[in-house]
Amino acid sequence: LGSDWRILTDLPVTEGRFQDGYYVNGNAQAFVAYRDVDGIKTLALAFRGTDEPADIIDDITIIDRHYQSLDGLANAVVIRAADLQVDRLFVTGHSLGGAMAEQFMRRFPDLDEAQSLTLASPGLVWAQDAGDDPRAVHIYHKGGLFEIDDAIAGAFSDGNVLGSLLKIHTPTLIDPFAEHDSSRYRDHVDQ
């Protein structure tokens with residue numbers, strides 16, 4: 001995080017707490033930061049992805065409950081964005097965090113200043129059709145853990161991911177779990 005960003009830990013949340021710069025509620029976590037550079041006010045919300053066994057269960061079965069743990073923070077971020085009169089609200093996440101970012105965007109469809117970029121999200125698995133949202137972009141590896149096709153039967157499909165899909169082809173794919181790691185996305189973007 002650059003020196004022009006300010007970590008926000010003073011948001012009015014009724015549950016959960018801020019710890020070491022992160023919002024924490026149960027096993028759900030997110031990070032909120034703000035900057036004003038050359039008169040462009042940007043608020044960033046980053047949802048943490050899967051990093052413990054309890055998250056894997058949330059990934060597969062109860063993503064909606066996981067989002068409910070972050071709902072108070074989501075409301076506080078929208079209120080703060082309005083208070084600060086931000087020009088941009090950037091929402092992001094990887095894996096389970098990507099699904100949380102997609103849910104945020106779906107929940108606030110009229111928030112025109114919001115844009116999202118998600119990586120390797122399982123999508124909105126409970127939604128029949130997540131819908132098209134020009135504010136949202138989703139990137140995933142072809143052959144990765146959550147490739148959006150028939151690789152994972154039933155639960156994941158193109159209709160479950162919000163916004164535009166960008167697929168990164170990985171010709172040397174050996175391990176879909178390794179390809180799912182967020183650093184692999186950075187590696188491919190840097191190339």
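**Strand pairing and a buried arginine**

Student: Which residue is the bridge partner of Tyr34 in strand 5?

Tutor: Tyr34 has Leu43 in strand 5 as its bridge partner. Keep in mind that this is a predicted model, where local features need pLDDT of at least 70, and side-chain atom pairs count only at pLDDT 80 or more. Residues are numbered from 1 along each chain, and side-chain values use heavy atoms, without hydrogens and water.

Student: OK, how many bridges pair strand 4 and strand 5?

Tutor: Eight, in the antiparallel sense, with strand 5 covering residues 40-47. Strands pair if DSSP finds at least two bridges between them, and a strand is a DSSP run (E, at least two residues), numbered from the N terminus.

Student: What's in the turn there?

Tutor: This hairpin has two residues between its strands, and Asp38 in the turn has a positive phi of about 55°.

Student: And how many bridges join strand 3 to strand 4?

Tutor: Four, again antiparallel. Asn25 has Ala28 as its bridge partner in strand 4, and in that hairpin Gly26 takes a positive phi near 65°.

Student: Switching topic: is Arg135 buried or exposed?

Tutor: Arg135 counts as buried because its relative accessibility is 13%; buried means under 20% relative accessible area, with a 1.4 Å probe and protein chains only. Arg135 lies in the loop between strand 7 and strand 8.

Student: Which residues does Arg135 touch?

Tutor: Not counting residues up to four places away in sequence, its contacts (heavy atoms within 4.5 Å) include Met105, Phe108 and Leu111.

How values were computed:
Buried < 20%, exposed > 50% of the residue type's maximum accessible area, 1.4 Å probe, protein only.
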